[in-house]
Amino acid sequence: MQPENNGILLIMIYFLSGKTRLLGRVTVLILLTLFIYTTASAQNSSRKTEVRGIVTDSQTGAKLSGASVAVKDATAGSVSDANGEFLLHLDGGKHILSVTFVGYLPVEMEITVSANNRPLNVKLKPEAEVLDEVVISSHDRREKVTSVNMGVERMSIKEVQRLPVLMGEVDILKAVQLLPGVQPTVEGGSGFSVRGGSPDQNLILFDNATVYNAAHLMGFFSVFNNDIVSGLELYKGDLPLKYGGRLSSLLNVNSRSETAKKFSATGGVGLISARAMLEGTAGDKTSWFVGGRRSYADMFLVLSPRRELRNSSIYFYDLNAKIAHRFSAKDKLEISGYLGKDMFGAEVGNFNYGNSFVSTIWRHTFSNTHFARFSFNVSNYNYALSSELETMEASWVAGITDYAFKADFDNNINRWWNLNYGVSSVLRRFNPGHVSVVGYPDYDVQNSRSLEHAVYLSNEQKLTNRLSIRYGLRWSMFQNIGSYTLFRYDANHQIADSTYYGNGKIYNTFGRLEPRAGAVFMLNNMSSVKINYTHNVQYVQLAENSAAGSPINIWFAASPNIKPQTVNMFSTGYFHNFKNSEYESSVELYWKKSRGVIDFAEHANLLLNQHLERDVRTGTGLAYGIEFMVRKNTGKLTGFLNYTLSHSERTIAEVNGGKAYLAPYDKTHAVNIALNYEFSKKWNASATWVYSTGTPTTYPTGRFEVNGEYFPIYSGRNEYRRPDYHRLDLSLNFVPQPYSKKRWKSEWNLSIYNAYGRKNPWLIRYTQVDSSTPKGEMTYLFRFVPSVTYNFKF
């Protein structure tokens, strides 16, 4: 064992023993036991040599994420990461590598392993030069069996592009909603709930920058342009230790890491939007791309006979750009940016909202076993409303901004010590609302600032040929910063007193430990069982104004009045592949107990509320469930079927009389089916069918009279459910010239959303007419929504 590696572990042990009580002592004992065992085992085993490599497209040079790398004469194997890179531990001598990737010809190559290995460059040839031809799935088919991780779902952008679409727009978030344990929060929307959690409990990252609102057009489309995205990773609770700040999930989306060697363009034209991307290189070491997208439904408004519609506008746009430069074999710099906006305009006023970010990532290689990634990004979400009536001119702006730095290190020493460690820090600015009205004083809800820091260390070990473990610890710290007037409230939620803290004054600090651990036991080469524990902490949350989703929701931070939310989650599962991994299957069980869960008092005012904290109610949450998944990877027919049986509830002392009630996104049963059939190289079709139990809701159950006026009496919180939800989507793809050698390639897509016209409720409202019982009125959005899209590439 190398001295510096002992030092890293001893520093962590010293930190734990000095800063924690019972939890720290237990963690120290576990780490010491593992340290003694693995040190002794490592000294008695032969050291293997690391073999690194990269998998690329032989024609474009694009790095291929999810390629399977197997060693024919050994049990070793790997899968290429988001940058196309893979790592193997092999004995010295000759070995035969087999590299496969869906849509590409397999490659076998003989290598000689020695102490001075150079990184391998594996180039794969496409099976046919068609426009993004693919079948499910492009990830390593044994990864779910062999990996220690649980609750992880991956999809390449090519998989996503084969799914039926709404109004011609390929949508990553719609694809996420088809995964086991994931549910859409509203019909047609891009919001999602993971294992019963709220949408704000999902951390969404785009090129390492936080996306606070991932929706366009009030949620019907996402901010992710499929031309520039390489794929997605969803972690359902068991977040890698380098990430934190959310209870339920991490959705990690990355833009393309490499571009074509020659200048090329990709794009598409649909019924309501068009998109285009240009990419190329500048010399041998620099690559770049620029992409844009805009909807144009507003252009048809000028044809309306009504003047108010002719003078209105409704559209969204987004712009993406990225440049990557490799300074040397050890250093690479990537800078990416995003700007997106939704615009709604009328004669009486305007409303807009949008995201923007700039992300900088520097990757450095210290040695063949030691790597680093340093990143700095600035991300912003904001919205603005303005009124231009002759009698009143007013404006309202609000938003949230992050300034984030991260340093992550990977040190793959040997099979016993595969260390990941790092630090992060985020300065966050909250602007809950600023209102200006001509002729009146401005109204401001207090701005606030916070700092969130973290340091982490994790290790993954292969204890035997069958048993691997991963364990680690994340320590996070959250600080509220002035200038700020802190109000304190009594037991009746009335203002008791207040204290003003000057600019830069840290007036509150939370510190939390977040241990995470997991293990996998291989029953044989094609099946395994896993167990996992994770503890997550969340310091920011969302005040939601509508169950249907709204861009004017308010983010607010933990404070002396609102403690951080926490969750303990235990999960276990069985994973089995059969028929040479043509089929994958899995069963996962989970149990989650949350504390500090957020809800609001009845009839709380969430907008422009100077005292929002006194309307917050906190308590506990409980969620548990079982997820079944079957996937077919090869052949003319590919796809997956998953079923989730789950329950999620909350218990808050001052809500629902202190009795437990169903969480807003609880759905007992959920079924998702996605199928793709390739008739020929020209024609393929896909279909998705989804079913779920209706979401919980509160119904009026009676009425009472006051001075001749009738008012509804409501049931307990979420005692009833909306009608069950189900929908069928269909898609047909046509490639006119799949074998053409010309640079111009094209494809037609025809999709039908909600093919059998199910009236799924979007909103249910209740009206009181005279002395009658309150009547419900259901609003539904989509029936038989066809779309046609023309995609091209040259």
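Visitor: Which residue in β22 does Leu339 stand opposite?
Guide: Leu339 stands opposite Ser356 in β22. Keep in mind that this is a predicted model.

Visitor: How do β21 and β22 pair, and over how many bridges?
Guide: They pair in the antiparallel sense, over 14 bridges. Strand β22 covers residues 349–367.

Visitor: And how many residues sit between β21 and β22?
Guide: Two residues. The two strands form a hairpin.

Visitor: What about β20 and β21, parallel or antiparallel?
Guide: Antiparallel, over 14 bridges. Strand β20 spans residues 313–326, and β21 spans residues 331–346. These two strands form a hairpin as well, with four residues between them.

Visitor: Which residue is the bridge partner of Phe316 in β21?
Guide: Asp342 is the bridge partner of Phe316.

Visitor: What holds strands together in general?
Guide: Strands of a sheet pair through backbone hydrogen bonds, and the pairing can be parallel or antiparallel.

Visitor: New topic. How many residues does the largest nonpolar core have?
Guide: It has 79 residues. Phe206 is among those with the most contacts inside that core. Others in that group include Ile172, Phe192, Phe224 and Tyr383.

Visitor: What does Phe224 touch, leaving out residues up to four places away in sequence?
Guide: Its contacts are Val170, Ile172, Leu173, Ile204, Phe206, Ala214, Val229, Val253 and Arg293.

Visitor: Zoom out. How many helices and strands are in the protein?
Guide: Six helices and 50 strands. The protein has 794 residues, and 55% of them are buried.

Visitor: What share of contacts joins residues at least 24 apart?
Guide: 64%, taken among contacts between residues at least 6 apart in sequence.

Visitor: Last one. What is the accessible surface of the protein?
Guide: About 34200 Å². Carbon and sulfur atoms account for 58% of that surface.

Note on methods. Residues are numbered from 1 along each chain as its sequence is written. This is a predicted model: local features need pLDDT of at least 70, side-chain atom pairs count only at pLDDT 80 or more; totals for chains, interfaces and linings use all residues. Side-chain values use heavy atoms; hydrogens and water are left out. Buried means under 20% relative accessible area, exposed over 50%, partly exposed in between (1.4 Å probe, protein chains only). Contact means heavy atoms within 4.5 Å. Accessible areas come from the Shrake-Rupley method with a 1.4 Å probe; for residues, only the protein chains shown count as cover. A nonpolar core is a set of buried Ala, Val, Leu, Ile, Met, Phe, Trp, Tyr and Cys residues joined through side-chain atoms within 4.5 Å. Two strands pair if DSSP finds at least two bridges between them.
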